[in-house]
Amino acid sequence: MLGFQPPAIGDEEIAAVTETLRSGWLTSGPSAARLEERMKEFLEAEHVLALASGTAALHLSLVALGVGPGDEVITTPITWPATANVIVHTGATPVFVDVRADDLNIDPARAADAVTDRTRAVLPVDLAGQPADLDPLTALGVPVVEDAAHAAESFYRGRKVGSIADATCFSLYATKNIAAGEGGLISTNRDDVAQAVLDLRQMRRGDGSIYDIPVPGYKANLSDVLAAIALCQLDKVDKHHGIRQRQFSLYDEALGDLDGITSLERDERDLHALHLYIVRVDPERAGATRDEYQRALREENIATSIHFLPVHKLTYYRERFPEQPPLPIAERAGDEIMSLPLSPAHSDGDIGDVIAALHRVHERFTS
Ligand SMILES: Cc1ncc(COP(=O)(O)O)c(C=O)c1O
């Protein structure tokens, strides 16, 4: 089976973990601090805080901004459920608005229509590495918490993602462009947000004998073992981006011959992080549904994935918020999208195998 997104881990990461274990630092220590310093430079941000996960980064950002019971947070349904779950964790209500058909990112015009006097934040996602349209979202006049789990390398209109929103949240999960296995980062230019996250992250400091706490924290700090892996991945980020670029080009070229299978739009004004290669399968023209394509590719030993099923249609959200208005663009996309294998661990030959299998399957469904 050709893996969907195998991690690109080399001898450098293995050596860094060994060295860290030998150093005696298992919890947050010098490597986590170095990662924060280096990511500040990479993300062009005043503050970067290392956390246990991207989910923790999103949650603590909302708490730091004072989001709580009675508030509303506007977000996109085309995301990993964590984006919405953290809104629920604060006691606030997620308000899902529909996405744009071309890139499946939140539609700023619909977000503007959803603003009420209870809106406390907007939480866009940079799906697949394409930045959300941040200018009109920032103009809504409420804090922006950007879910940049897919967008470590992205630039929006010449500005680095990580330097724009009130808080930008990254994930170091196993499949991400900077992968540590687990982990997250918050970048912000706001001193008050950075200080609040620092308190909420709550690590034990000093020798731990006399201590005090300003808030009941979440213990969401990043282990040095994982930070050491992330530092190696950061060293390789440009090299890996180049490999992703080549894999994207191979797919782009191949799609020209596959009627009914199209990729999501990438805005040329932005730098795309190339995290996921998402295609839409139009069952009328492609001769079969997305699910049938996925099954057929699996039989060809090609693993694919879905990013994402619309969150408001998942059991918890359907039952807890049954009054959701229909979100037709997201709902249709949820039936049609499929992510193809993409990873710096794959060779051009691997991507060639995916393309050849896709051609065979397409031929079968359309003849
Ligand atoms: C869009 C999006 N948001 C948030 C997350 C959560 O990140 P983590 O798995 O690090 O908690 C993910 C991770 O998979 C994601 O894809």
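# Questions on a predicted model

Mentor: Phe 308 lies in the loop between α11 (290–299) and α12 (315–320). Helices (H or I, at least four residues) and strands (E, at least two) are DSSP runs, numbered from the N terminus. The model is predicted, so local features need pLDDT of at least 70 and side-chain atom pairs count only at pLDDT 80 or more, while totals for chains, interfaces and linings use all residues. Residues are numbered from 1 along each chain as its sequence is written, and side-chain values use heavy atoms, leaving out hydrogens and water.

Trainee: What is omega of the peptide bond that joins His 307 and Phe 308?

Mentor: Phe 308 belongs to the loop between α11 and α12. The bond joining His 307 to Phe 308 is cis, with omega about 10°.

Trainee: Which side chain makes a polar contact with that of His 307?

Mentor: A polar contact is a pair of N or O atoms within 3.5 Å; within protein, one must be able to donate a hydrogen and the other to accept it, and residues adjacent in sequence count only if both atoms are side-chain atoms. At 2.7 Å, the side chain of His 307 meets that of Ser 339.

Trainee: Is Ser 339 buried or exposed?

Mentor: Ser 339 lies in strand β12 (residues 337–340). Buried means under 20% relative accessible area, exposed over 50%, and partly exposed in between (1.4 Å probe, protein chains only). Ser 339 has 0% relative accessibility and therefore counts as buried.

Trainee: Lys 219 and Leu 274 each have a positive phi in a residue other than glycine. Which loop holds Leu 274?

Mentor: Phi is near 50° for Lys 219 and near 55° for Leu 274. Lys 219 is exposed at 55% relative accessible area, whereas Leu 274 is buried at 4%. Leu 274 sits in the loop between β10 (261–263) and β11 (277–281).

Trainee: What distance separates a polar side-chain atom of Thr 55 from an oxygen atom of the ligand?

Mentor: For Gly 54, a backbone N or O atom lies 2.8 Å from a ligand oxygen atom. For His 150, a polar side-chain atom lies 2.9 Å from a ligand oxygen atom. For Thr 55, the distance from a polar side-chain atom to a ligand oxygen atom is 2.5 Å.
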